[in-house]
Protein chains: 2
Amino acid sequence: GDTEASTSALTRQATLTKPPGSLGRLEELAVWLARWQGRSIPRLDRVEIVIFAGNHGVAAQGVSPYPPAVTAQMVGNFAAGGAAINQLARIAGAGLRVVPVAGLDPTADITLAPAMTGAAFLSAVSIGFSAIEPGIDLLCLGEMGIGNTTAAAALAAGLFGGDGAAWAGRGTGLDDAGLARKARAIDAALALHAAAQDDPIAVARCLGGYELAAIFGAVLAARLHRIPVLLDGFVCTAAAAPLARLNAGGLDHALVSHRSAEAGHGALAAALGKTPLLDLGMRLGEASGAALAVPILRAACACHAGMASFAEAGVSTAS
Amino acid sequence: GDTEASTSALTRQATLTKPPGSLGRLEELAVWLARWQGRSIPRLDRVEIVIFAGNHGVAAQGVSPYPPAVTAQMVGNFAAGGAAINQLARIAGAGLRVVPVAGLDPTADITLAPAMTGAAFLSAVSIGFSAIEPGIDLLCLGEMGIGNTTAAAALAAGLFGGDGAAWAGRGTGLDDAGLARKARAIDAALALHAAAQDDPIAVARCLGGYELAAIFGAVLAARLHRIPVLLDGFVCTAAAAPLARLNAGGLDHALVSHRSAEAGHGALAAALGKTPLLDLGMRLGEASGAALAVPILRAACACHAGMASFAEAGVSTAS
């Protein structure tokens with residue numbers, strides 16, 4: 001990050017017509033954007049939402065109430081403009097792109113084999129990396145994939161410890177029996193791939209999925225291009241988490257936008273030292289939480305750039 | 001509220017291409033707006049922010065680090081476009097009006113006398129009531145007034161019990177000695193006006209302030225005109241609270257937008273049965289939290305109106 005830009009932003013904040021600290025996280029957000037954009041007055045002229053879609057062999061274990069065909073059907077719904085994220089992107093003033101990964105072929109069932117071969121994993125990471133163009137001001141990431149909260153829970157367990165019961169949530173709406181099946185599938189996958197657990201990349205390859213690997217690549221590309229990132233919910237955060245395990249500051253350019261109602265997200269965000277910006281009980285994925293947080297960041301930028309100083313406005317300062 | 005419109009909105013939500021409940025509070029917000037606008041597809045074409053400003057005799061007790069002159073100076077800053085709310089209103093796509101009450105003359109010092117006479121209180125309520133025109137889709141309320149967190153804390157204590165220490169916060173940035181002075185001033189006011197405490201209107205008159213009385217009037221006018229309301233932080237919520245004490249459902253048409261960092265706001269919102277939409281550590285007032293929540297409501301409306309149904313999009317439903 002550009003500490004000269006962030007220091008300059010912090011100095012400016014202290015002059016603006018408000019009691020110091022009274023804009024709370026809006027002040028932090030302006031300084032954070034300054035740091036990662038490398039501009040003391042950050043801007044959000046070009047905001048992009050990218051959704052990666054993929055399918056999961058583990059869906060065969062009965063871990064979702066929806067059939068895998070819904071992944072492709074929802075990609076069609078995104079293209080037609082009928083999904084939640086189409087509406088949310090418009091409110092956010094953001095562009096939206098959807099990238100199906102690996103032709104929406106499923107990964108291998110992680111209870112039986114590694115999700116991806118090394119070559120397939122690298123190809124998915126590369127698709128994510130290449131999807132991010134330099135020059136955008138903020139990147140919002142999201143995903144679509146029936147079965148992917150199972151992969152994300154397995155990935156989180158592989159990185160941070162804990163068993164299936166600790167990380168499994170109801171996803172799109174599992175009943176109690178489905179939740180128990182999901183926890184057992186995660187435990188089976190963790191046992192099968194126990195040897196991977198010292199290596200965050202191996203965890204991502206064996207337990208993750210195509211769209212998760214693409215998100216990993218996109219977060220990495222954003223870091224290199226100096227693009228701040230809004231992560232979405234549980235799956236998106238889990239997909240990015242290996243970067244924090246590889247390097248303690250590896251996710252400093254990323255925020256968690258919304259605390260998902262999916263069971264493991266609060267613990268995962270805490271493990272990464274992140275406090276989500278919003279907490280509205282959502283658990284949809286498809287970058288919905290990230291898009292919803294964009295106006296908060298726009299507000300932070302607008303106050304930072306547009307407010308008068310005490311001197312300019314002739315307002316008395318505190319005694 | 002219009003339960004036919006809200007029932008129709010709830011039925012529509014169940015058909016949209018998302019797992020049931022997965023948009024969390026966005027679903028509730030769409031239904032709430034439908035109920036109070038009386039439209040099954042609510043809209044936010046006309047959003048207005050109204051800030052009431054007033055001064056407080058209790059400022060003489062050393063309860064703020066800023067001089068009372070700042071109230072008028074900030075009204076000037078609002079007019080010139082240099083305050084936080086000017087920037088936030090633009091992001092929210094909302095109109096902004098500022099209404100100084102009682103010529104910015106201070107109320108009486110509540111440690112020595114009732115804040116307002118009966119006539120002055122009614123005049124301030126009437127100014128607030130008259131400021132709200134029918135036909136707007138959402139009203140955001142806020143305030144500006146040096147010393148007004150002291151009045152708000154006294155008002156909250158008068159309505160819900162508890163002493164000065166329980167309700168006093170640091171306001172614009174009091175140190176420990178200032179905070180102790182503020183708690184003592186509140187305790188003195190509560191003792192002086194103990195006879196008022198069975199009557200929410202008397203509490204508002206004796207312990208409140210001009211801009212708080214105007215907010216009370218504006219919230220009442222919004223109810224009569226079927227306009228949903230976003231309350232801002234501690235002062236704004238305290239100003240509206242007498243309506244809930246007069247009638248159990250008296251604030252059902254109002255939401256608390258943001259949980260202020262001001263000490264008493266969490267407890268006050270809980271006493272009213274309200275869960276704030278946002279929690280971003282802000283404590284500025286001037287409708288900043290309410291303005292920040294407007295895009296969340298826009299997102300709720302956009303999803304409600306614009307999403308495809310499962311049938312329209314050809315997406316499989318859950319088994």
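**Exercise 1: a side chain in chain A**

Asn86(A) is buried, with a relative accessible area of 13%; buried means under 20% relative accessible area, exposed over 50% and partly exposed in between (1.4 Å probe, protein chains only). The model is a predicted one, in which local features need pLDDT of at least 70, side-chain atom pairs count only at pLDDT 80 or more, and totals for chains, interfaces and linings use all residues. Residues are numbered from 1 along each chain as its sequence is written, chains are lettered from A and ligands numbered from 1 in the order in which they are written, and side-chain values use heavy atoms, with hydrogens and water left out.

Solution. 
1. Helices (H or I, at least four residues) and strands (E, at least two) are DSSP runs, numbered from the N terminus.
2. A polar atom of the Asn86(A) side chain lies 2.9 Å from the backbone oxygen of Phe78(A).

**Exercise 2: strand β3 of chain B**

Task: determine how β3(B) is enclosed and which strands pair with it.

Solution. 
1. In strand β3 (residues 138-144) of chain B, 7 of the 7 residues are buried, so the strand is largely enclosed by the rest of the structure.
2. In a regular strand the side chains alternate between the two faces of the sheet. Leu138(B), Cys140(B), Gly142(B) and Met144(B) point one way from β3(B), while Leu139(B), Leu141(B) and Glu143(B) point the other way.
3. Strand β1 (residues 47-53) of chain B pairs with β3(B) in the parallel sense over 7 bridges; two strands pair if DSSP finds at least two bridges between them. Glu48(B) has Leu139(B) as its bridge partner in β3(B).
4. Strand β4 (residues 229-231) of chain B runs parallel to β3(B) and is joined to it by 2 bridges. Here Cys140(B) stands opposite Leu230(B).

**Exercise 3: the interface**

Task: describe the contact between chain B and chain A by residues and by area.

Solution. 
1. On chain B, 51 residues are in contact with 51 residues of chain A.
2. The two chains bury about 4100 Å² between them, 67% of it on carbon and sulfur atoms. Buried area is the accessible area (1.4 Å probe) that two parts lose on being put together, summed over both.

Notes:
Contact means heavy atoms within 4.5 Å. A polar contact is a pair of N or O atoms within 3.5 Å; within protein, one must be able to donate a hydrogen and the other to accept it, and residues adjacent in sequence count only if both atoms are side-chain atoms.
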